[in-house]
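Colleague: I would like to learn how a marked site is read in a model such as this one. Could you take me through it slowly?

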Amino acid sequence: MTRKPLIAGNWKMYLTRAEAVELASAVAASSKGLTDREVMIAPAFTSLAAVQEAVGGADAPIRVAAQNVAWEKQGAFTGEISAPMLQDVGVDMVILGHSERRHVFGEDNAMVNRRLVGALEFGLTPILCVGETLEEREQGNTFKTVEEQLSQGLKNVQADQMEQVVVAYEPVWAIGTGKTASKEQAQEVHAFIRSTLVALYKKTLADSVRILYGGSVKPENIDSLMAQPDVDGALVGGAALDAESFARIINFT
Ligand code: PGA
């Protein structure tokens, strides 16, 4: 089973519109001609339209994603953005359940599931983020946490919809800390995620789902992470804000 690697940049709450367009153009330039991998960037909501206009389009070398989405089409949901609003500016992909959404803004598995089911119904490709805190890891609960995030996050997601879903394993203790999971730690959890997907769906489907690693991915560690059999890409925060670093990550070997 071949899974096309996906290198995704999560820009979080950084960059003005002009800065975002500049960085996106640099990323598009370094992604040109790459056919054996996919590149995605997720700017802040305010920059999505401008970035999509600058580098998007059907034959663009990169995909543009949002960092969250509401489950309803419209309504009294102050502070939220809907899938049709994202599609209106050409965005067809979204990061969901990021650890900062879970741990800073209190999104639980039920809410992440609601967002994910909504995103799929509207035809967006979701990246479902899962991962344990340091405390959960130290207490030996890594698999338990990840299994719950997967089974509850994917509740009511049918097999044909699951073909659209990307999973990202992001150990919370590795995000923005400079502390990357070792390649063995990453592979161990990625393999666990795949076996959980086999149990929830079936093997052929689980074998086709891309599982990204995230948490202090850098030019120095991308090659060894990507060499792991169940690591199908990366979700990159800090290093995605630097054109040169991200170009090196995109061009992993
Ligand atoms: P980091 O962030 O690469 O800065 O650790 C990753 C993420 O939050 O997706």
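Modeller: Let us begin with burial: a residue is called buried when its relative accessible area is under 20%, exposed when it is over 50%, and partly exposed in between, using a 1.4 Å probe and protein chains only. By that rule H98 is buried, because its relative accessible area is 5%, and E170 is buried as well, with a relative accessible area of 5%. Please keep in mind that this is a predicted model, where local features need pLDDT of at least 70, side-chain atom pairs count only at pLDDT 80 or more, and totals for chains, interfaces and linings use all residues. Residues are numbered from 1 along each chain as its sequence is written, and side-chain values use heavy atoms, with hydrogens and water left out.

Colleague: Which residues does UniProt place under the feature "active site"?

Modeller: UniProt positions are given in the numbering used here, with shortened feature names, and annotations may be inferred rather than shown by experiment. The unreviewed entry places "active site" at H98 and E170. They span 73 residues in sequence, yet no two of their C-alpha atoms are more than 8.3 Å apart, so they gather at one spot.

Colleague: Which residues does H98 touch, beyond those up to four places away in sequence?

Modeller: Contact means heavy atoms within 4.5 Å, and H98 touches N10, K12, C129, E170 and I175.

Colleague: What joins the side chains of E170 and H98?

Modeller: A polar contact is a pair of N or O atoms within 3.5 Å; within protein, one must be able to donate a hydrogen and the other to accept it, and residues adjacent in sequence count only if both atoms are side-chain atoms. Here the side chains of E170 and H98 are joined by such a contact of 3.3 Å, while the side chain of H98 makes another with that of N10, at 3.4 Å.
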